[in-house]
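Subject: Model for your files, with notes

Hello,

Here is the model you asked about. Please open it alongside this message.

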Amino acid sequence: MEVLQEDEEYNWREVRLPSMTRVEPEPELEREKGERRRGRDILIAIDHGPNSKHAFDWALIHLCRLADTIHLVHAVSSVQNTVVYETSQQLLEKLAVEALQVAMVSSVARIVEGDAGKIICKEAARLKPAAVVMGTRGRGLVQSFLQGSASEYCFHHCKVAPVIIVPGKDIYKRELR
């Protein structure tokens, strides 16, 4: 696997998410009225698969706090392809609304062109998030080595943030048998 050089350019498009305002509850206790702690940036790698959705749900439930901002990153083959862009945009908009409803966190979305593993590492270097969350297909060691794996690449090459790899739901079912 080749490492993406720092000075390499890559194509991306911001996704305009629906205008949503976060509703913060009034503090109930006197000690909660002080300055709120600054939120964290959490990068979540997204694709159209169920394991990616499972990792997104896991991050909302187990990782996100009220003041956090999640950065949804989706790697595609071409940002110029209108069908690919619109399909990806709809997915990211749906997830941003869900993030606001479930965890009351704000979202920023970006569709980036290129190899998923390299792009996720590059975005992590740009954002310097508290964590990078991504799903995995649950392939075996030999199969992921031969075919390559974005989560494996990020695990070894992402140096600015911890990488949290959330196993897919079907892995739990296989272990229970």
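Below is what was found in it, from the whole chain down to single residues.

This is a predicted model, in which local features need pLDDT of at least 70 and side-chain atom pairs count only at pLDDT 80 or more, while totals for chains, interfaces and linings use all residues. Residues are numbered from 1 along each chain as its sequence is written, and side-chain values use heavy atoms, with hydrogens and water left out.

Overall

The protein has 6 helices and 6 strands (DSSP runs numbered from the N terminus: helices are H or I of at least four residues, strands are E of at least two). Along the sequence they follow the pattern β-β-α-β-α-β-α-β-α-α-β-α. Of the 177 residues, 39% count as buried (under 20% relative accessible area; exposed is over 50% and partly exposed lies in between, with a 1.4 Å probe and protein chains only). The accessible surface comes to about 11,000 Å², and 51% of that belongs to carbon and sulfur atoms (Shrake-Rupley method, 1.4 Å probe; for residues, only the protein chains shown count as cover). Taking contacts between residues at least 6 apart in sequence, 82% join residues at least 24 apart (contact means heavy atoms within 4.5 Å).

The sheet

The 6 strands form an open sheet in the order β1-β4-β3-β2-β5-β6, with mixed pairing (two strands pair if DSSP finds at least two bridges between them). Its edge strands are β1 (12-15) and β6 (163-167), each of which pairs on one side only. Neighbouring strands are turned by 25° against each other on average, direction ignored (axes are lines fitted to C-alpha atoms, for helices over the stretch in contact, and angles run from 0 to 180 degrees between N-to-C directions).

Strand β3 (residues 69-76) is mostly covered, with 7 of its 8 residues buried. β3 runs parallel to β2 (residues 41-45), and 5 bridges join the two; Leu-43 has His-71 in β3 as its bridge partner. β3 also pairs in the parallel sense with β4 (residues 106-113), over 8 bridges, and here Ala-75 is partnered by Val-112 in β4. From β3 the chain crosses through helix α2 (residues 82-103) to β4, a right-handed β-α-β crossover (with the strands pointing away from the viewer, the path from the first strand over the helix to the second runs clockwise). β2, helix α1 (residues 50-62) and β3 make a right-handed β-α-β unit as well.

Strand β5 (residues 131-136) is joined to β6 by 5 bridges, and the two run parallel. Val-132 stands opposite Val-163 in β6. Helix α3 (residues 116-127) packs on the sheet, where it touches β2, β3, β4 and β5, and its direction makes about 170° with that of β2.

Which residues of helix α5 (residues 150-157) are buried? Ser-151, Tyr-153 and Cys-154 are. They lie on the same side of α5 because they cover an arc of only 160° around the axis (the arc is that of the directions from the helix axis to the C-beta atoms). The buried residues of α5 pack against α3, β5 and β6.

Asp-115 lies in the loop between β4 and α3. Asp-115 is partly exposed, with a relative accessible area of 47%. Its C-alpha atom is separated by 7.7 Å from that of Ser-77, which is 38 residues away along the chain.

Regards
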